[in-house]
Amino acid sequence: MLEAVGNFFHDLICAVGGIYTESNAVRAAIFAFLGIFTFHKQFYWILGFFITRRFKPAKENHKYAVLIPARNEEAVIGNLIDSINRQDYPKELVTIFVVADNCTDSTAQVARENGAVCYERFNDAERTKGFALKFLFENIEKDYGIEAFEGYFIFDSDNLLNKDYITRMNEAFDSGEKIITSYRNTKNFDENWVASTYALHWLRSIRQNHRARSVLHLATNIQGTGFLFANELVRDGWHYTSLTEDRAFTADAVAHGYQISYNDAAVFYDEQPTSIRIALRQRIRWAKGHLLAFVESGWPLFKNIFVGNCFKEKRPKGEKRKITKEAVLEGIRHRFASFDTLAQLIPRSLIKMILWLIVSVFIYACHKYANGVEAYMFNPKGNWLVRGLNYVFGDVYITASPGIKAFIYSMSLAVLWNALGKIAYDIKQMLIAVYVFIVERKRIIKIHPLKKALYCITWPTFDIIGRWAMYIALFKKVTWKPIPHTSKVTINDIEKK
């Protein structure tokens, strides 16, 4: 009986190993397909190094509502409202709205004492920031009307605004832009290495994504806070209530043909997590929201690449289509913007990990079980780290006859090669931190050189945590939980620095 079972598994493993060549070809084809969605990234980096979009002084001052969803934010919300009240923009054109969402502290009281219109919401079953915004828009519609304000800002309670922030954003809005995001700086950059990884990430996004996309009139991505949009986007209310409402809002807006611009002159400050536990919890929520946004919006974006705006109103029957130069250019722009936004949503790290586990680990091990192992531990043709190890240790050659030992050896080698590849990649990423510190040196608070060196070394952990958060999010049930904000830093403190 045992011999029969053993023979069955032997034949099964050999059969699986027999499809390694074909499965590896499929894996390579999928990797090549995913590569199509990243070919333009280097161009963005280069363009973003040299230029960003500038906006002329506004001819008209527009009327805005500032929306602040808050849960137990009594420690920081007063500082945000104070920075809004200190704006050099006409005060009569700015109304501050706060939704005190399931608060058990004095957030609502502090908001009202500082001049904000505050609505209180108590519904712990619907916990996300998106539900709080939905409630706030419903109340604004009821008491004021959505079109009472030309545009809507959204901020988190821990944000702080430069004195000219609204003036600068108004310049972009007055130029005709419907959705604008802004320069996200960090008020606690130098608090510890965890906060620094977030701070560097937001600055990397500016250089890697926002600047180039804005210059090209494409669509950059909204990142949670510090953005403005026209009232036409919420005439039917706010519908983005998932774990990451910003990704859903971005994808839906692009799918409907909107540009999303970036204003480098409008600067606000954000508080970053300082606890690795809180950071991991937040990143898992982001990853889960990323996956949900891909499922919800991936197909419309994919269709738009080939058929144009699939949400565009159809022409009346019999009406001839008018082809103009402007329409052709807009069609090209929107198709590429859809492609670019879809590229952001595709969970490439997750897809690659699944393919690696199935093909490069399991099927490869089955193949070697049937055929034996003859391989370098450190391939002299590998990446720079592998070649360096090969130079130090020489040609360490692993051999094993067909069987279980070959299975274990080959699986171990696959894990080792992957780990070395990831380490080599993460070490190279430290150069991005160096780059950011250099090009953004005039806009970052003063940080001791030794701390900067430490932050360059710890910076790759941001992407490492992001990869593992994506793997965990695939299987974990994720619920929204607030991120604590306790920083006492005010806009005056930042101006002094």
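A residue is called buried when its relative accessible area is under 20%, exposed when that area is over 50%, and partly exposed in between, using a 1.4 Å probe and protein chains only. By that rule Cys14, with a relative accessible area of 24%, is partly exposed.

Welcome to this predicted model: local features need pLDDT of at least 70, side-chain atom pairs count only at pLDDT 80 or more, and totals for chains, interfaces and linings use all residues. Residues are numbered from 1 along each chain as its sequence is written, and side-chain values use heavy atoms, with hydrogens and water left out. Helices (H or I, at least four residues) and strands (E, at least two) are DSSP runs, numbered from the N terminus.

**Cysteines**

- A disulfide is a covalent bond between the sulfur atoms of two cysteines. Here the term is applied to a pair of cysteine sulfur atoms within 2.5 Å.
- How many disulfides does a search of the whole structure find? The search finds 0.
- Cys14 takes part in no disulfide, and its nearest cysteine sulfur, in Cys366, is 8.5 Å away.
- Cys118 is in no disulfide either, with the sulfur of Cys103 the nearest one at 7.6 Å. Cys118 is buried, having a relative accessible area of 10%.

**Salt bridges**

- A salt bridge pairs a side-chain nitrogen of Lys or Arg with a carboxyl oxygen of Asp or Glu within 4 Å. The structure holds 24 of them.
- One of these joins the side chains of Asp124 and Arg71, at 3.7 Å from N to O. This pair links distant parts of the chain, 53 residues apart. Asp124 sits in the loop between strand E3 (117-121) and helix H6 (129-143), while Arg71 sits in the loop between strand E1 (64-70) and helix H4 (77-85).
- Arg121 and Glu126 form another salt bridge, with their closest N and O atoms 3.7 Å apart. Arg121 is buried, with a relative accessible area of 4%, and Glu126 is partly exposed, with 33%.
- Asp124 also meets Arg127 in a salt bridge, at 2.8 Å from N to O. Arg127 counts as partly exposed, at 25% relative accessibility.
- Through shared partners, salt bridges join Arg71, Asp101, Arg121, Asp124, Glu126 and Arg127 into one network.

**Nonpolar cores**

- A nonpolar core is a set of buried Ala, Val, Leu, Ile, Met, Phe, Trp, Tyr and Cys residues joined through side-chain atoms within 4.5 Å.
- Which residues have the most contacts inside the largest nonpolar core? They are Leu67, Val98, Tyr152 and Phe229, in a core of 79 residues.
- Contact means heavy atoms within 4.5 Å. Leaving aside neighbours within four places in sequence, Val98 is in contact with residues including Ile68, Ala70, Ile77, Cys118 and Leu136.
- A second, separate core has 29 residues, among them Ala279, Tyr435, Ile445 and Cys456.

**A buried loop residue**

- Where is Ile447 found? Ile447 belongs to the loop between helix H14 (404-439) and helix H15 (449-458).
- Ile447 is buried, with a relative accessible area of 9%. Not counting residues up to four places away in sequence, Ile447 touches Phe189, Asp190, Phe437, Lys452 and Tyr455.
- Ile447 and Phe437 are 10 residues apart along the chain, and their C-alpha atoms are separated by 10.0 Å.

**Backbone details**

- Helix H12 (residues 348-371) bends by about 35 degrees at Trp356. The bend at a residue is the angle between axes fitted to the seven residues ending there and the seven starting there.
- Just after H12 comes Gly372, which takes a positive phi of about 90 degrees.
- Asn102 is not a glycine, yet has a positive phi of about 55 degrees. Asn102 lies in the loop between strand E2 (94-101) and helix H5 (107-113), and counts as buried at 12% relative accessibility.
- His217, also not a glycine, has a positive phi of about 60 degrees. His217 is in the loop between helix H8 (193-215) and strand E7 (227-230), and counts as partly exposed at 33% relative accessibility.
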